[in-house]
Amino acid sequence: MYENRVLIVEDEPLIAEDLAEILAQAGYSIAGIAYDSDQAIQILGSAQLDLVILDIDLKSDLNGIQLGILINKHHQLPFIYLTSFSDRKTIQEVKETNPMGYLVKPFDEKTLIATLEIARFNFAELWKAKSPPLSLRALNKQVLTPITEREFACLEQLLLGKSNKEIAKDLFVSTNTIKTHLSNLFLKLEVKSRSQVFTQVHQLLEMTKN
């Protein structure tokens with residue numbers, strides 16, 4: 001539940017399955033696979049997501065760029081594009097949607113994982129730039145059950161875009177311990193996904209300024 005949950009939007013089933021397998025082996029959780037824009041919109045509205053991979057050339061009502069615009073407007077999720085297009089017109093359209101990454105097919109496993117890691121980092125940096133300074137004392141003024149120092153340490157790492165495995169390594173504990181801390185943290189923040197943590201913490205910190 002507390003790993004990064006990814007939605008794959010790809011109209012080629014074999015590519016979608018390859019993506020899902022690579023991501024699962026790298027520790028990501030596959031929240032869903034959408035083969036067209038209708039399925040993507042349905043999953044976006046019903047599932048708890050942390051990251052979206054968008055194929056641009058979808059054979060459906062909306063293409064990947066149009067879905068990127070929709071995500072920015074309604075869901076505030078980081079996304080990357082996965083496409084065989086790298087022409088100037090496509091790049092310009094892509095830039096206007098502020099993706100967290102852009103990957104050209106054919107891709108290899110290392111490049112895909114590196115792109116996702118950079119996407120998580122970029123999203124965390126954007127959040128940090130627009131949010132008040134992170135403070136345990138400030139957060140505990142806004143939550144019903146106080147966040148512990150250890151939970152706060154996990155929160156700091158999560159807000160840097162790090163995975164459970166990376167957090168465990170940095171804090172010198174097991175991944176199961178991190179999952180326990182995140183479980184408690186999610187309950188106290190009243191969220192159900194990592195992406196919601198960013199939004200909720202921002203809102204709580206903003207409240208302390210008033």
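Start the tour at Asn 98, in the loop between α4 (88–95) and β5. You are looking at a predicted model. Asn 98 is not a glycine, yet its phi is positive, at about 55 degrees. Is Asn 98 buried or exposed? Asn 98 is exposed, because its relative accessible area is 52% and the cut-off for exposed is over 50%.

**Stop 1: the sheet**

Now select the five strands. They form an open sheet in the order β2-β1-β3-β4-β5, with parallel pairing. Which strands stand at the edges? They are β2 (29–34) and β5. Each has a single partner strand, so one side of each is left without a neighbour in the sheet. From one strand to the next, the twist averages 20 degrees.

Zoom in on β1 (residues 5–9) and β2. Five bridges join these two parallel strands. Pick Leu 7, then look across to β2: Gly 32 stands opposite.

**Stop 2: helices on the sheet**

Which strands does α2 touch? This helix packs on the sheet and touches β1, β2 and β3 (51–55). The direction of α2 makes about 145 degrees with that of β2.

Next, show α5 (109–130). α5 lies across β3, β4 (79–83) and β5. Its direction runs at about 170 degrees to β5.

**Stop 3: the loop between β5 and α5**

Stay with α5 and step back to the loop that connects it to β5 (101–104). Select Pro 106, which lies in this loop. Check the peptide bond from Lys 105 to Pro 106: it is cis, with omega near -5 degrees.

Glu 10 counts as buried, because its relative accessibility is 1% and the cut-off for buried is under 20%.

Glu 10, Asp 55 and Lys 105 are linked in a network of salt bridges.

**Stop 4: other salt bridges**

Side chains of opposite charge can pair when their charged atoms come close. How many salt bridges are there in this model? The count comes to nine.

Go to Lys 59 and Asp 57. Their side chains meet in a salt bridge, at 3.4 Å from N to O. Colour the two by accessibility. Lys 59 counts as exposed, at 63%. Asp 57 counts as partly exposed, at 35%.

Then select Asp 170 and Lys 162. This salt bridge is 2.4 Å, N to O. Asp 170 is partly exposed, with 34% relative accessibility. Lys 162 is also partly exposed, at 23%.

**Stop 5: from α9 to α10**

Move to the loop between α9 (175–189) and α10. Glu 190 is in this loop. Like Asn 98, Glu 190 has a positive phi without being a glycine, here about 60 degrees. Is Glu 190 buried or exposed? Glu 190 counts as exposed, because its relative accessibility is 62%.

Ser 193 is in this loop too. Ser 193 is buried, with a relative accessible area of 0%. What does Ser 193 contact, leaving aside its neighbours within four places in sequence? Show Arg 5, Gln 48, Leu 49, Asp 50 and Phe 186.

**Stop 6: the end of α10**

Finish with helix α10 (residues 194–208) and select Thr 208. Thr 208 is partly exposed, at 30% relative accessible area. Which residues does Thr 208 contact, leaving aside its neighbours within four places in sequence? They are Ala 138 and Gln 142.

Terms used:
Residues numbered from 1 in each chain as written. Predicted model: local features only at pLDDT ≥ 70, side-chain atom pairs only at ≥ 80, totals over all residues. Heavy atoms only, no water. Helix = DSSP H or I, 4+ residues; strand = E, 2+ residues; numbered from the N terminus. Buried < 20%, exposed > 50% of the residue type's maximum accessible area, 1.4 Å probe, protein only. Contact = heavy atoms within 4.5 Å. Pairing = 2+ DSSP bridges. Axes fitted to C-alpha atoms, helices over the stretch in contact; angles between N-to-C directions. Salt bridge = Lys/Arg side-chain N within 4 Å of Asp/Glu carboxyl O.
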